[in-house]
Amino acid sequence: MVRVCIDLTPNEMIDRFGGIGRYGYLLLEALQSLPESERLGVELCALERSTGPILGAGQALSKRVLERKPIPLRQHRWQRRLLSGRLLATARVDVFHAVQPLALPLFSNVPTVVTCHDIIPLAFPRPNPPLKSAWIKSRETVTWTARLRRASRILAISRQTADDLNELLRIPSSRISVVHHGVDLDLFRPDVDTANARKKFDLPPRWFVSVGSDHYRKNHTTLFDAWCEVSKDIPEGLVVVGKALYESTLQSIHERVAQLGLQGRFRWLDDVEDPDLPALYSGATAAVAPSLYEGFGMTLLEAMACGAPVAAARNGAYEEVGGEAALYFDGRSVKSLAGALRELSRDSHFRERLRRQGLEHVRDKTWANTARATLEVYRDVARADK
């Protein structure tokens, strides 16, 4: 029997509802839901607090940790380094799956699978003067190499991330397994009633929707400029769903909306719960993903599952995730993005074709399939350790 411990410790921090914390729970739920015949030889447990204890999968999925007061990032990292390794050793864990590479447990010889979502500081660094850029690149290369050197296997969420690891950190392909995320097809579905969302968020009659925070790579300014360019020719408003966590971009756009007199057609929604998101996708003329770099492209799959046509920037991961079911544009070109918005607004037959292709594309993009592929990684790592 291989005892696998899933890392849920990101959920003890303030950003517990972020993507990494959700990934751990979604993966554990999917693993636990597989038929026993598929989980044969694997016992699942979880670490949801860096101070322990290690819990059975069912107990961890009760999510009691979310009821506790969150702890600071610094405290989380030191506890995870200094305490979690001892917990894994004494609990006789055979494989530990860290859902992100920060502060891996010390004092443990337990083989570790580490999920790497992206290496943005190296793959798409913030623009800086040449000398500062060179120093940051050197620092980040050392940091990321140190983070990942103790991983028995790195689980990359896309071929794009795997290629970045190989090219930028010289990590051999033999240490990397590519396993795509799944999408929750029970939550994200096309038959969603949009009436409540229209009223709750005071949405315009027709809209484009874009989901993402204000990180510098998310490219909201180009999206806004493109929409402004075509707004007199098309009826769609613009709905941006995202939090102002990193930059002031979204706040600046909000101020420009007032200056341009577009308040009736623009919505910036910074506090949307998961149950409300499907209606924003399914009621939209199209979902637009303008990001210049991503390690994956979850919003593409969510939108497709809701029956929304998808337009996305060409950035490697988006093309990998969206395949032939999306319309692609040059994310650095206002003209290219404006053309995509105009085409999606005016051509209903094209929208319907993208809609059908998207629904077909996501049929097998389930968390169950993600769980099956991850199980094989666990078994492979456990075999290699014997």
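A crossing of two helices is called right-handed if the near helix is turned clockwise from the far one by less than a right angle, and left-handed if the turn is anticlockwise. In this predicted model, the crossing of H9 and H10 is right-handed.

**Packing of H9 and H10**

On the H9 side, the contact is made by His 220, Thr 221, Phe 224, Asp 225 and Cys 228, while H10 contributes Thr 249, Leu 250, Ile 253, Arg 256, Val 257 and Leu 260.

Phe 224, one of the H9 residues in this contact, also takes part in an aromatic pair with Trp 227. Phe 224 and Trp 227 are three residues apart in helix H9 (residues 220-230), and are therefore separated by about one helical turn; both residues are buried. In the loop between H9 and strand S9 (237-241) lies Ser 231, which is likewise buried, with a relative accessible area of 7%. The C-alpha atom of Ser 231 is separated by 53 Å from that of Val 4, and the two residues are 227 residues apart along the chain.

**Aromatic pairs and cluster**

A pair of aromatic rings is described by the distance of the centres and the angle of the planes. The count for this model comes to seven aromatic pairs, among them the two listed here.

| Pair | Centre to centre | Angle between planes | Class |
|---|---|---|---|
| Phe 124 and Tyr 293 | 6.2 Å | 15° | stacked |
| Phe 224 and Trp 227 | 6.0 Å | 45° | tilted |

Phe 124 lies in the loop between helix H5 (120-123) and helix H6 (130-148), and Tyr 293 in the loop between strand S11 (286-289) and helix H12 (298-305), so their pair ties together parts that are 169 residues apart in sequence. Since buried means under 20% relative accessible area, Phe 124 counts as buried at 14% relative accessibility, and Tyr 293 counts as buried at 5%. Together with Tyr 216, Phe 124 and Tyr 293 form one aromatic cluster.

Definitions and conventions: Residues numbered from 1 in each chain as written. Predicted model: local features only at pLDDT ≥ 70, side-chain atom pairs only at ≥ 80, totals over all residues. Heavy atoms only, no water. Phe/Tyr/Trp six-rings, centres within 6.5 Å; stacked < 30°, edge-to-face > 60°. Helix = DSSP H or I, 4+ residues; strand = E, 2+ residues; numbered from the N terminus. Buried < 20%, exposed > 50% of the residue type's maximum accessible area, 1.4 Å probe, protein only. Contact = heavy atoms within 4.5 Å.
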